[in-house]
Each structure stands twice: as C-alpha cells, then as structure tokens.
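Good morning, colleagues. Please look at the sequence and the model as I bring them up.

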Amino acid sequence: MRVIKCKNYDEVSEAAARIVAAQVTMKPDCILGLPTGSTPLGMYSRLIQMNKENKLDFSKIKTFNLDEYFPISKDNNQSYHYFMFENFFNHININKENVNIPNGETDNPEGECVRYEEAIGAAGGIDLQVLGIGQNGHIGFNEPDDYLESATHITSLTQNTIEANSRFFDSMDDVPKKALTTGMGTILKSRKIIILASGKVKAEAVRSLLSGKITTQNPSTMLNLHSDVTLIADEDALS
Ligand code: F6R
C-alpha cells in the first residue's frame, strides 16, 4: 500500500483531488466510485473549482456511490443522494443520467442490490474508487463482523456508526438503522483505490490498516489484498 503523508486535512483534500483529476484527464469516460461523509468534502470542493475554471471536464464520467441509508427518500436532506447532489453533482458538468446511487426508496432492497451490482459490472467496473474510513475501520457500510459480504447487500449499522453519524441528525433515533452498500468484493474489484483519513479519531483504524494484517473486525484491512491502493492520511490519522 502506498501512503501519502499529509500535514493536515487540506493537504489530504488536495492530494485526493489531484489523483481524481489525473484519472479523469487520462480517461475522460472513466467510472468513479464515490463516498459521502465529512472527509471527501474538501476534495469535492477542489474538483468543483477545477471544473469551474475549465480545467477538468466531467461530461463523460460515470459515477457509482458506495452506499445509501435504507429506507430513506432521495429528497431527505440526510440521504446520501441529497448529499452528493448538494456537495458535488449540482456544481459540475456531469450528465445526471451517469450518476448511480443505491435507491434507498425501493420496496425491494434485495433486488435493488442485485441490480446495482450488475450495473457496475455492465458499466465496465470501477476505474478509481475513493473511500473514507470509519472509526471502527468500516468502508462503505461494511461494518466489522465475523463474516463480510462480497457483493452489494443490505446491512445493519453498528451502534458505533449510528453514534458517529448521529451528528448529522436531530437525534440518534432519527439515524436509519440499515443501509444498502457495495460489498468488499465490489470494492476490491476496482482497478485503483484511494482511501482518505483525517483526524485522531481515525488513528486506531489506520494503525490496524497499516499493520498489514487482515481481519474482518476491521474491514479496511482487506485493502491489503489489492495491488493498487493509496492511503492519503494526515499526521493525526497517522499518529
Ligand atoms: C460513506 C461511507 C463511509 C464513510 C466513513 C467515514 O459513503 O462509505 O464508510 O467513508 O464513515 O466518514 P467520515 O468521512 O464522515 O468520517
């Protein structure tokens, strides 16, 4: 695993934006795998800036988001659908038909997971997957467990994640308890992966990721099985 050591969050955002920009420049019709959360916000705002300055063209890219709460409506301002349009897609020249996010409104979540997994395959697979990392080492909503799922699936959030995500909701009770998420296999099939980590709260998960040992109790450690992963982390996350 390559490690890009950054001083702070701004440097993490800058390094991540540069890698995404290079990917889109090299392959204008590439497939990007994208995360939500606080960590990628700085990266998204830099990519928006580059697009506004006509330095980067998103008109041919396709995107697949990692996950979505379930059940949740698209116009709920806590849905990942809302988050992605608000923080990225509404501000760049992406063709909205090329945006893919698991449908948290479906009444057939299992069928939606099969459809989503197939759609990624039909598009040709993900060229560059951008990831954040949970305090407990989750990636997407693949939470620590004895067994992890390979394909896109419906899952229950752990108490740790419900608490971490409650900062965005009025109360802990309002946090949806389930999610639709791409699986470990979906993520590992990506041709290239970057994982972003910032802050002391991520230090323990990052320490375990960098130990090189693989455990389902820290799903991010499975990235050690992939041949093209870059961790972009600041001093606090590496502390
Ligand atoms: C979000 C996702 C999650 C986050 C993780 C870190 O789509 O897949 O795994 O990347 O929870 O979230 P932040 O960046 O808010 O610390």
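Strand E4 (67-70), helix H3 (80-87) and helix H5 (159-165) each contribute at least two residues to the lining of the largest pocket; helices (H or I, at least four residues) and strands (E, at least two) are DSSP runs, numbered from the N terminus. With three residues, H5 contributes the most to this lining. The model is predicted, so local features need pLDDT of at least 70 and side-chain atom pairs pLDDT 80 or more, while totals for chains, interfaces and linings use all residues. Residues are numbered from 1 along each chain as its sequence is written, and side-chain values use heavy atoms, without hydrogens and water.

A pocket here is an open set of points on a 1 Å grid over the protein atoms alone, where a 1.4 Å probe fits, with protein on both sides within 12 Å along at least five of seven lines; lining residues have an atom within 4 Å of a point. Of the 31 lining residues, Thr-36, Gly-37, Ser-38, Asn-165 and Arg-167 are the closest to the centre of the largest pocket.

What takes the space of the largest pocket? The ligand does, where sitting in a pocket requires more than half of a molecule's atoms within 2 Å of its grid points.

Let us turn to the contacts. A backbone N or O atom of Thr-36 lies 2.9 Å from an oxygen atom of the ligand, and one of Ser-38 lies 2.8 Å from a ligand oxygen atom. From Asp-67, a polar side-chain atom lies 2.7 Å from an oxygen atom of the ligand.

Methods:
A polar contact is a pair of N or O atoms within 3.5 Å; within protein, one must be able to donate a hydrogen and the other to accept it, and residues adjacent in sequence count only if both atoms are side-chain atoms.
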